[in-house]
Amino acid sequence: MAQNIYDDPDFFAGYIQLPRQILGLEGAPEWPAIRALLPDPTGKRVVDLGCGFGWAARWFRQHGASSVLGLDLSRNMIQRARAETADSAIEYRIADLDTLALAQADFDIAYSALTFHYVQDFGRLVREVHKCLQPGGHLVFSIEHPIFMAASHAYWISDEQGRKTWPVNGYAREGERRTDWFAAGVLKYHRTIGTTLNALIAAGFCIQAVQEFAPTAEQIRQLPQLAEELERPMMMIVSATA
């Protein structure tokens, strides 16, 4: 079973203060880039893998999806999503993506935001996702960029002139990474870009786009602290078809 850090009280208390958890999709700087890669959801059946509070699930329904299944390991997340959703076409379930089993060809779109880096066996998961999609169905997901999470101590380093550098070490050593983020020992799994994309190809996906997210000039003007995201990619966004 995957680590269920989101039900840790200390972690959850900090996590819910993030702008993206208060403002929803509008508080996620990468959302416009993700939205540009999403197919028209009108009439589509959607599975949201790591649905959190249900922000994306509700967006899909508001934009015409016929149904949405939201899956998350965290009871805290599922309880909050259910409390904030008044739509019988959206269903939320507690599920562990490391052991997930989905019916064949049940969905047209699979979506995931910043979740797959918590999954130990990415190859198994994407094979399961490919199975659950109709031929030609879409998978769109974001993950922490492998450059962002590779280092054993992933924090900014400043030189004598105050210039920031993001450390990249151990990049080719894939596997567990533990960080202190709202709680000690948050477990994630580092994979190189090549491993990530090749797992999708091996599962039968055709990769349509890969974006290494960077904020726009307008986003930086509105939120100057985003400027540091130009120094290294924090997120990778992938679009693929089954």
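Start by selecting His153, which lies in the loop between helix H7 (146-149) and strand E6 (157-158). Helices (H or I, at least four residues) and strands (E, at least two) are DSSP runs, numbered from the N terminus. The model is predicted: local features need pLDDT of at least 70, side-chain atom pairs count only at pLDDT 80 or more, and totals for chains, interfaces and linings use all residues. Residues are numbered from 1 along each chain as its sequence is written, and side-chain values use heavy atoms, with hydrogens and water left out.

His153 has 59% relative accessibility and therefore counts as exposed. The cut-offs are these: buried is under 20% relative accessible area, exposed is over 50%, and partly exposed is in between (1.4 Å probe, protein chains only). His153 and Val168 are 15 residues apart in sequence, and their C-alpha atoms are 9.2 Å apart in space.

**The sheet**

Next, show the strands in the order E3-E2-E1-E4-E5-E11-E10; they form an open sheet of 7 strands with mixed pairing. Two strands pair if DSSP finds at least two bridges between them. At the edges are strand E3 (90-94) and strand E10 (206-212), each of which pairs on one side only. Direction ignored, neighbouring strands of this sheet are turned by 15 degrees against each other on average.

Select strand E1 (residues 45-49) with E2: they pair in the parallel sense over 5 bridges. Asp48 stands opposite Gly70 in E2. How many of the 6 residues of strand E2 (residues 67-72) are buried? The count is 5, so E2 is largely enclosed by the rest of the structure.

Move to E10 and strand E11 (residues 235-241), which run antiparallel and are joined by 6 bridges.

**Helix H4**

Select helix H4 (residues 55-62). H4 lies across E1, E2, E3 and E4, and runs at about 160 degrees to E3. Axes here are lines fitted to C-alpha atoms, for helices over the stretch in contact, and angles run from 0 to 180 degrees between N-to-C directions. Which residues of H4 are buried? They are Ala56, Ala57, Arg58, Trp59 and Phe60. Their cover includes helix H3 (31-37), helix H5 (75-83), and the strands E1, E2, E3 and E4. After H4 comes Gly64, with a positive phi near 100 degrees.

**Helices H6 and H8**

Select helix H6 (residues 122-132) and helix H8 (residues 193-203). The two pack at an angle of about 40 degrees, and their axes are 9 Å apart. H6 and H8 are therefore oblique to each other; angles under 35 degrees count as roughly parallel, over 145 as roughly antiparallel, 65 to 115 as roughly perpendicular and the rest as oblique.

From H6 come Phe122, Gly123, Val126, Arg127 and His130, and from H8 come Thr196, Ala199, Leu200 and Ala203. The residues of this contact divide into 5 nonpolar, 3 polar and 1 charged. In this grouping, Ala, Val, Leu, Ile, Met, Phe, Trp, Tyr, Cys and Pro count as nonpolar, Asp, Glu, Lys and Arg as charged, and the others, Gly among them, as polar.

Keep H6 selected. H6 lies across E1, E4 and E5, running at about 145 degrees to E5. The buried residues of H6 are Phe122, Gly123, Leu125, Val126, Glu128, Val129 and Cys132. They pack against E1, strand E4 (107-113), strand E5 (133-144) and H8.

In H8, pick Leu197. Leu197 is buried, with a relative accessible area of 18%. Leaving out residues up to four places away in sequence, Leu197 touches Ile207, Val210 and Val238.

**Loop residues**

Go to Glu30, in the loop between helix H2 (19-22) and H3. Is Glu30 buried or exposed? Glu30 is buried, at a relative accessible area of 3%. Apart from its neighbours within four places in sequence, Glu30 is in contact with Arg20, Leu114, Phe213, Met235 and Ile237.

From that list, select Leu114, in the loop between E4 and H6. The phi of Leu114 is near 50 degrees, a positive value in a residue other than glycine.

End at Ala105, in the loop between E3 and E4. Ala105 has a positive phi of about 55 degrees although it is not a glycine. With a relative accessible area of 22%, Ala105 is partly exposed.

Terms used
Contact = heavy atoms within 4.5 Å.
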